[in-house]
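Work through the following exercises with the sequence and the model side by side. Each begins with a task and is followed by a solution in steps.

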Amino acid sequence: MQQEHPNDMYPSTSTEREDFDPDAQWNKIVQHVYRPKEDITPSMVFYVIGDSDSFVPSPWRKAVFQTGLIEAAKEGGDTWIIYRGEEHGLSKCIRDAYRDYGNMEFGTKNKKRGLDHKKRHVKLIRITETQTKDDLAPEHCLCLNKIKDDVSEEKMRDNAQSEFDYSIQLPGVEKDMITFAKFISKKKDIFPSEKKDFRIPVPVPIAIIVCEGDIFTIAHVEGVLEMKLPVVVVKGSGKAADLIVDYLENPESLKRKAGSLLGSRFNDQNFKKLEKCLRKIKEKQKLVSFFDVDKDAPLMFSNTVGDAIVNCYAMENILSNKEENSGTGSVYAKRSPQYDNISSIGRTMLNPDSVTPQENQMAKVLKKYKNPRTNVLKSTIFTPSSLPLYFYFGYQFLQECNLLQSCGHILLLEALRSNRCDYVRVLLDHDVKLKMKDLPKLYRRTITCTGCEDDGCLHMYGILKLIDEKLATEMFPIKGAKRKGDENGPNTVNLGSEVGTSARKLCRKLLKYDEKGNNAKPNDNSGENVDISDILLWSLFANRTDLAEICWLRSENHLLTGLISSAILKKLSRKANNMKEERFSRDLENHSMLFQKRCLDLLDRMYDEKMNDAKKLMGYERKVWGIESTPLMFAYENFMYDIVAHTCSQKNMNSIWYNGLPPNTWPFICSIGEKPWKFFTAPLTKYVCNFVMFFSILMMYSDFVLTSVSTEYYDNFRARFLEYYVYFWGAGDLIEEILSCFGGLKFKSYRGLSSRIKRHFYNFWNIVDLISYVLLIVALCVRHLYPSTTFTIARRMFSLSLLAMYLRFLEVFLINRHMGPTLIMIKEMLKDLLRFLALTIFVVVGVGMYYHANLWPDHQTIWNGSWTEWRIWDIIYYPYWQLYGESYNEFLEGKDLSDCSNVTSVWQNDPSKERCPQEDWTVSAISAIYMLFSNLLLVNLVIAMFSCTFERVQENSEKLWRFQRFTVIIDYQWRIPSPINIMFFPIRFYFYLKEKREEMALVRAEVQNNYHEKNVLKHKNNHEKNVLEIIYAPLVAILKK
C-alpha cells in the first residue's frame, strides 16, 4: 500500500528533487572542512532539527543540552554537527555552544584555527535556503556564511574564519534535509589494504537530534524514521519534542497537549494528519531514544546517542518494509551469503564482505575512529555503546572472528587510553595482553604534555621529571628515535621493556627503596606482552582510579601491591602540592586513601575468614616493582597508621613480641620452664631486661655525679667502678643504636641508607638517645682531656647527660596502653611549643631591643667580655620573664638605681658593673602593650594549640599508640640489652659476613646464568640469520638480474 505523508504540513520526503545533488553538496563540505590532500569522512554526524517560528514560551535547560552535545561530539571523534542556521532559537543555542567549545579548546587561538585545522575535530555545518542578495553564492554552492549586501567573497571568508561554520544554500531546504540525511547514512568509507581482496566498508553513523520544534518537525521525524535512521528526542525542551514524548508514553494525551505545546489552532483535517504522523512515529518508536534535560546528566547524552545508533543497526532487518522489495535497500550493506547465521553488529558493519584481517589491517580500521579528545571522562558514565562506537563494533568484530588474542591488544590500548573500563575489564577477562611495543605509546599519549614547556610543566610529566629527569625522559621516548644496538631501526619491544624498567626505577626512587635483598627476579619484561603490574603502575602515574582498581584486582600480592600503590600516590600528591597544584594534589591524595581503604577491607575480609593466614600474611616478604618488603614493615616505613593499627597487624606484632609464646603476662612467665630459649629471646624479655639494667645505670650514674666528680671520694675503687661501668654500658648501648639506625647485622628494610637514617631520627625517642650519647661523650672528653681542680664544666656536662637519660627512661612507659598515649601527647605538644617559640623569639628580641635602646642609650659595649657577659642576655632577659607575668616596673621606669653606676669609665672597664638605666615613659607604655599582647594573646594561643593537639591525639590515641608499639617491637626484635651485647658482638658479626658471602655467591651465579642465556640466544639468532641467507640467496640473485 502506498505510504501517505502529510503533504500540506510538510514537503514530501518520499521523492527527491532532480535539481538537488547530495553528492555534490557532500563533496563541497568535505573540500571546505578538510585539508586539500585529505580524503576523510566524518566518524559521526549529528543532525539537529527543531527550529520553529512558534511563539509558545518554553524555557528549558539549554546548558545541559549544550554541554551534552559538545561532549558527545568530542567523544565521537571527527564529528559533524549539521543544523539549520537560523538567527535565533535552537540554532543560536548550538552556535553559542560551539563558540564556547572553541574558546575552551583553543583559547585566544580560536579565531585563527579554521574548520580544516587538524586539532578541530568538531565541525559545525549550517544548512539554509536563504539566497544572497548579490548572487555571489549560486544555488547548492557551499558558502561560508549568509551573504549580506555589499560583502565581498574575500571578506565573507574572513567572517567565516571567526565563526567556523559553513552554510549550504539550498532551494526548498526543508524538502532536501531528509534527502541529505539519507545520503549521509548511506555514505561509507572504504579502507584499502595491501591485499586486493581485503576491503572494509565503514558506515558513517548519524543521529537525528530533536529539540523544541513545530508541526513540521514532527513530519521531519516521521520521514527519517521511514528511512530507519536513529532519532534522539530531547525531553524537556518543549514544543514538538515534548509532544512526541507524551504521545509515545500516552497517546490519549494528544488532544489535551497538542494545542498548549505547539500553540497552533487545528481543524479536524489537520489534527487527523498530525495524529496519523505521530502514529507512524509510534510504529517506529524502537528507533527513538530520549534524553531528559531535567533528570539526565549532560555527559549521559553520549550514551543515549550511542544506544540509539546501535539499536538502529540491530533492528535494521526487523524494521525492513517495502523499501527492500522496491530495490531501495536498507541503510547499510547486507551481509554476504557466507554469514547467513546470526552475526554481531560489529562484523556486519565493519567487515561484511572481507576475509579475515591481520593485525596491521585491524589497526588501520581502528585508527579511523581513534578518540582525539585530550581529557578523560569518568568511567562511570560509560556504557558499552557510548561514543566512540569503534569500541562496540571493534570488540564484536574481533570476538566473532576469533581475533581477540592476536589483535585485541589494539583495542585494549585505546580502551586504556580513553578510560573505557568496561572494555578493559572484558578484554583482560579474555586474557588479552597489551604488547610491549604499545607501552611507550600508552605513556606518551596519556601523561606527556604537548602544551607545556619542558621546564614549566605543572602536570604529572613535570612532577616525574622533578623526581628524576633522566628516568622520566626514558619513560617517554621520542617516537621513532634510534637507540644503541638498533641497527635496523628502533626495536619497539626493547623500547617498551626499557620504558617499563624506567617506570619501576622511578617508583623505587620516589619511595627511596633500593633493589636488593633476596635475588628474586623482578617482573619479566623481556617478552612481547606487558605484565599487568606495569599497566597498574601506568594507571597510578596517569591517576586513573577505576583502571588502577581493575589492574590491582588482577595482579599478584594484592596487599603489598595496594600498599605500595597508596604510598606512590601519596608521594606524588605531596610533590604536586609543593608545585602549588592543590586540586591535582587532592585528587592524588583521594586516590591514595582509596587504595589504603581497599587494603583495609581486604584485611578485614581475610581476618574474618582465615585469621591465622591473615596474621602470617603481614610478615611474608614479597617483591613488587623491585621493592622487597613485608606488608607490615612497608606500612610502618610509610606511616600508614591504619594498616599498622589493624587487628591483623597487631596479631602479627603479638607473635613477634611474645616470640610465639602465649600473649598474656602470667602464661608467658610460666613458659620459662617449658621453652626457656624462646622466653629469653623474646623481645618482651629483652625489653624488660634492658630497662631493668637502664634503671640500675641511672642509680649508679646519679651516685657518681652527686658524689664522685672532684672530691677525694673518687680515689677509692667504688667511685671509679661506677664511672667506668657507666662508660662501658654507654658503649654497648651506642653500638645497638648504630645497628638499629644503619640496618643492623640483620637487615629489616631495603630502603636507601639516607632514608633509613632519616626514618630513625624521625622517632622522638631516638633524638633523645642521641642527645644523651653526645652529652656523655662530651663529658667524658672534658673530664679526662681537660682536668681541673673543680671539674665544673665536666660536672655540668655529666648533669646534662644524666638529665637526658632520665628523660630517656620515660620510654619504658610507651609500651603501656594507658600511659603510652600520654607520652605521645607530650611529644606532639612539644612540637607545638617549638613552633610557638619560633614566633615568640622575634617578639621578645624586638621588645628587648626597644627597652635597651631607651634605658641605656648609646651603649657601646654590647659584645665585651666573655660570651656569658654579652649584653644580648640582658636584652632578652626582661621581656622573656614578662611572658610569665613579671612586670619589672621599678627597673623599667628607671627608679631602681641600686648596684649600678652612671660613671662611663666604671661600667665600660668592668663588665660585671651595671650601668644605671635612664627614665623614659615610652618604655613603660611599650611594656604595658607588650604584656597585654603576650599574656592575653600569645600565651592563650599556645594553650589553644595544646588543646587542639590533645583532641587530635585523644581521638586517634589507640592508633598512634599501636604505631609506636610496633616501633618498640621491631627495635627489640634484634636488640640485645647492654652491656651483654658486647660479648655477643663478634658472633653476630661473623654470621653477618657469612650471610653476605652467600648472597654474593648467589648474585655471581645469577649473572653467569644470564650471560650464558644471552650468548645462547645470540648464537641461535645468528644461526637462523645464516640459514635464511642461504635459502634466499638464489632468489636475491635472480631479482638483481
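**Exercise 1.** Describe the salt bridge between Arg952 and Glu828, and find which helices hold the two residues.

Solution. In this predicted model, the side chains of Arg952 and Glu828 meet in a salt bridge with an N to O distance of 3.7 Å, where a salt bridge is a side-chain nitrogen of Lys or Arg within 4 Å of a carboxyl oxygen of Asp or Glu. Helices here are DSSP runs (H or I) of at least four residues and strands are runs (E) of at least two, numbered from the N terminus. Finally, consider exposure, for which buried means under 20% relative accessible area, exposed over 50%, and partly exposed in between, with a 1.4 Å probe and protein chains only. Arg952 counts as partly exposed because its relative accessibility is 40%, whereas Glu828 is buried because its relative accessible area is 13%.

Residues are numbered from 1 along each chain as its sequence is written. Because the model is predicted, local features need pLDDT of at least 70 and side-chain atom pairs count only at pLDDT 80 or more, while totals for chains, interfaces and linings use all residues, and side-chain values use heavy atoms, with hydrogens and water left out.

**Exercise 2.** Characterise helix H40 by its span, its bend and its packing.

Solution. Begin with the span: H40 covers residues 921-955, has 35 residues and reaches 50 Å from its first C-alpha to its last, close to the 51 Å expected at 1.5 Å a residue, the expected span being 1.5 Å times one less than the number of residues. Then look for a bend, which H40 shows at Ser934, by about 30 degrees; this is the angle between axes fitted to the seven residues ending there and the seven starting there. Ser934 is also one of the buried residues of H40, which include Tyr930, Met931 and Leu938.

**Exercise 3.** Which residue forms a salt bridge with Asp769, and which residues share its network?

Solution. Asp769 pairs with Arg808, the closest N and O atoms being 2.5 Å apart. The pair links distant parts of the chain, with Asp769 in helix H34 (residues 764-785) and Arg808 in helix H35, 39 residues apart. Both Asp769 and Arg808 are buried. Salt bridges that share partners join Asp733, Glu737, Asp769, Arg808, Asp971 and Arg975 into one network, and the whole structure holds 31 salt bridges.

Note on methods: Contact = heavy atoms within 4.5 Å.
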